[in-house]
Amino acid sequence: MTFPAGAPVIDTMIGFPHEGFAVYDFIRKQTKDQGSKDSEFPAEYMFKNVPKDLPTSDPVSVTLHEMDRFGIEKGLIGVADETSRLALKQHPDRFVPAGNVTDPNDVVGSVRALKREYEEFGIRATSAFPSGTFPQVPIDDPKMYPIYATCVELGIPIFVCAGVPGPRLKFAPQEVSRIDTVMFDFPDLVFVTRHGCEPWEQLACKLMLKWPNLYYSTSAFAPKYYPKAVVDFANTRGADKVIYAGYFPMGLSLERIFRDMPTVPFKDEVWPKFLYENAARVLGLKGKTT
């Protein structure tokens, strides 16, 4: 159960430092409590030592430097902003493009955007934040179905936040039980949960056992807080189902993540799958490793 220092890593949730916190405006406009409206990072009450003071003059170099420090060979990033597009152009061997479903209330627009991102950037995944949409669109809402169908058509996975969200938004759209309906209706859809699935992490494990194309990623969790049910599942029947994801620079530093990582009691044979192989398979990166 020894952490394999120097083993290659794919980070399925990483980004770049930005000036200010305007990126969270979409959350602040939906929250009602004054604390959320006044905070720079609406979920900061959950995180210690958020990396706020990173240089922003060359954000791509900052993230690459941190990736190199901790053996991250590839990072899954968005394509919506100029910095990400520059990173993809300059370092296609290090960054993997992913889309984002920003407003599933616009069903046709979302499908068109997904296809456009696939054609223009070659995205290998897309993502969604059900509680963060406005109005909220639950995981199993009919508005999401054309998006899921398009993911199946394009052969790409969708990463979806599940469980109680950190920001003070209603959690109902992200109840893990909703995933069961989606997987029943879309057995060919590759669905990866983000942000923990708590307090339904045991249900998430049961559903992963049930549905071959359902996966769990560890985004937004410091390793010492990985749910025990998920670690136990990876060590038994779920070694191929649990995928590493960080949260840099949104809420966690890579230094904190990889300082804690050796304390996770994964079995020796689980580590390479968790850190690299499962993500490579889900993202279609087999044969494209560095």
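Me: Leaving aside neighbours within four places in sequence, which residues is Thr-193 in contact with?
Reply: Keep in mind that this is a predicted model. Thr-193 sits in strand β6, residues 191-194. Skip the neighbours within four places in sequence, and its contacts are Val-160, Ala-162, Ile-179, Leu-214, Tyr-215, Tyr-216 and Ser-217.

Me: Okay, so is Thr-193 buried or exposed?
Reply: The cut-off for buried is under 20% relative accessible area. Thr-193 has 3% relative accessibility, so it counts as buried.

Me: Where do the buried residues of α5 lie around its axis, on the same side or on opposite sides?
Reply: The buried ones in α5 are Ser-110, Val-111, Ala-113, Leu-114 and Glu-117. They cover an arc of only 160° around the axis, so they lie on the same side.

Me: And which residues are exposed on the other side of α5?
Reply: The buried residues of α5 pack against β4 (126-128) and α6 (145-154). Turn to the other side of α5, and the exposed residues there are Arg-112, Glu-119 and Glu-120.

Me: How are α5 and α6 arranged, roughly parallel or roughly antiparallel?
Reply: Their axes come within 9 Å and cross at roughly 20°. Angles under 35 degrees count as roughly parallel. That makes α5 and α6 roughly parallel.

Me: Which residues of α6 meet α5?
Reply: The crossing of these two helices, α5 and α6, is right-handed. From α5, the residues taking part are Val-107, Ser-110, Val-111, Leu-114, Lys-115 and Tyr-118. On the α6 side they meet Pro-146, Ile-147, Thr-150, Cys-151, Glu-153 and Leu-154.

Me: What about α8 and α9: is their crossing right-handed or left-handed?
Reply: Helices α8 (residues 201-210) and α9 (residues 228-235) pack at about 25°, with axes 8 Å apart. They are therefore roughly parallel to each other. As for the handedness of the α8 and α9 crossing, it is right-handed.

Me: Which residues of α9 are met by α8?
Reply: α8 brings Glu-201, Gln-202, Cys-205, Met-208 and Leu-209 to this packing. What they meet in α9 is Ala-229, Val-230 and Phe-233.

Me: What is the phi of Cys-197?
Reply: Cys-197 is also in the loop between β6 and α8. With 0% relative accessibility, it counts as buried. Its phi is positive even though it isn't a glycine, and the value is near 65°.

Me: And what is the phi of Ala-220?
Reply: Look for Ala-220 in the loop between β7 (214-217) and α9. Ala-220 counts as buried because its relative accessibility is 13%. Though not a glycine, Ala-220 has a positive phi of about 70°.

Terms used
Residues numbered from 1 in each chain as written. Predicted model: local features only at pLDDT ≥ 70, side-chain atom pairs only at ≥ 80, totals over all residues. Heavy atoms only, no water. Buried < 20%, exposed > 50% of the residue type's maximum accessible area, 1.4 Å probe, protein only. Helix = DSSP H or I, 4+ residues; strand = E, 2+ residues; numbered from the N terminus. Arc of directions from axis to C-beta. Contact = heavy atoms within 4.5 Å. Axes fitted to C-alpha atoms, helices over the stretch in contact; angles between N-to-C directions. Parallel < 35°, antiparallel > 145°, perpendicular 65-115°, else oblique. Left-handed = near helix turned anticlockwise from the far one by under 90°.
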